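Work through the exercises below with the model open. Try each task before reading its solution.

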Amino acid sequence: MDVQENVLLGPLTTLRVGGPARYFVEARNEDDVREALKFARERTLPLFVLGGGSNLVVLDSGWPGLVLKVTIRGFNHRHGHEVAYFDAGAGEDWDGFVAATVAHHCVGIECLSGIPGSVGGTPVQNVGAYGQEVSQTIEAVNAIEVATLESREFDNADCRFNYRTSIFNTSERGKYVIVRVSYALKHGVAPRLEYADLKKHFAGWSEAPSPAQVREAVRKIRASKGMLIVPGDEDCRSAGSFFKNPVVSEAQFADVVKRAAAKNLEVPSYPALERLHKLSAAWLVERSGFAKGYGIGQVGISRKHALAIVNRGGASAAEVLALKDQIQGRVEEIWGIRLEPEPVVVGVG
Ligand SMILES: Cc1cc2nc3c(=O)[nH]c(=O)nc-3n(C[C@H](O)[C@H](O)[C@H](O)COP(=O)(O)OP(=O)(O)OC[C@H]3O[C@@H](n4cnc5c(N)ncnc54)[C@H](O)[C@@H]3O)c2cc1C
């Protein structure tokens, strides 16, 4: 095991802010994970498990303990009757893995194309986009328990998936290192298009698109919104959407409608939001004085997406979090809704 010291974490994240890890280890297999966990335990070091770093804000003071980056690679698949099972190492690049599944004509995660990060990161916040969530296809999550170093297998129900949550970022947060994830995908069926942008893209097609064609369409749509990482494009130097769509009660929804009417505005409502009693966080942000392209110092809001806080170059975590606070405060003042951040803040602040 190669233990490095004082490794800067900013460059290992998509937002590119944050200080160093006191200790840093890359785990290429399960033995490495166990060795690293022992190293942290013997020195009573706080542990942080790093995947692709695409959902993080690392504080400027960095991480005082051990950062364990999971780079376990490889995947295999077997085809059953109409179902194909894919078992992937947690350190596999997610988008590369999605590309491999569509190359096998499999359906189930093609709408999640272009999401950055690792396979192991996907169950943590039940990654979702364009009408799909990994909770719909995850068969099992294999992990190593931090306290005992024992292997555990969680089936789909064990993970208690919900909107951007699972046991791994709620009740069992920090207790497991995910090492493999298995997905049950369909083959021999056409992809289902649920999202308006996708339906529009394929309007007029006489035949159902293939999974590979859906993947390409999703990547194109994501690129137009700065939600595909394009090297050099500062509008995607972000942690993706910074706020979750708030899930509200009927009374809260009615209150927002009333506040909007007083401003001659109409609250947007479309099936995906209605079904889950969600409000559009992007709409709330934009109607609180934060237009796309808003900037303050080295941080700002993406020119292509109202929910992405971006690092325009050389920003600090403190600046990112100050803009987050400013947005949360204004939205709450105007709309009575407290927005909840999506990225994980790493460090002791
Ligand atoms: C441009 C952009 C677009 C995005 N679009 C979307 C989107 O459409 N939908 C969406 O849901 N998300 C989106 N995201 C957020 C992010 O890509 C996902 O949440 C991704 O799954 C995070 O994976 P990661 O490997 O980068 O995890 P990291 O950011 O490294 O870590 C995130 C959390 O998962 C934990 N974790 C990671 N790996 C493991 C492991 N092996 N074992 C235990 N815990 C682990 C970490 O400890 C941390 O708590 C986007 C981000 C960006 C930058």
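**Exercise 1.** Find which residues of α2 meet which residues of α4.

*Solution.* Asp95, Val98, Ala99 and Val102 are the residues on the α2 side. On the α4 side they meet Pro211, Ala212, Arg215 and Arg219. Contact means heavy atoms within 4.5 Å. Sort the residues of this contact next: 5 are nonpolar, none is polar and 3 are charged. Here Ala, Val, Leu, Ile, Met, Phe, Trp, Tyr, Cys and Pro count as nonpolar, Asp, Glu, Lys and Arg as charged, and the others, Gly among them, as polar.

The model is predicted: local features need pLDDT of at least 70, side-chain atom pairs count only at pLDDT 80 or more, and totals for chains, interfaces and linings use all residues. Residues are numbered from 1 along each chain as its sequence is written, and side-chain values use heavy atoms, with hydrogens and water left out.

**Exercise 2.** Work out how α2 and α4 are oriented to each other.

*Solution.* Start with the spans: α2 covers residues 94-103 and α4 covers residues 211-224. Helices are DSSP runs (H or I, at least four residues), as are strands (E, at least two), numbered from the N terminus. The two axes lie 8 Å apart, at an angle of about 150°. Axes are lines fitted to C-alpha atoms, for helices over the stretch in contact, and angles run from 0 to 180 degrees between N-to-C directions. Therefore α2 and α4 are roughly antiparallel. The cut-offs are under 35 degrees for roughly parallel, over 145 for roughly antiparallel, 65 to 115 for roughly perpendicular, and oblique for the rest.

**Exercise 3.** How many aromatic pairs does the structure hold, and what is the geometry of Tyr23 with Phe39?

*Solution.* There are 15 aromatic pairs. Rings of Phe, Tyr and Trp (its six-membered ring) pair if their centres lie within 6.5 Å; planes under 30 degrees apart count as stacked, over 60 as edge-to-face and the rest as tilted. The ring centres of Tyr23 and Phe39 are 5.3 Å apart and the planes stand at 75°, so this pair is edge-to-face. Tyr23 sits in strand β2 (residues 20-27) and Phe39 in helix α1 (residues 30-42), so the pair ties together parts 16 residues apart in sequence.
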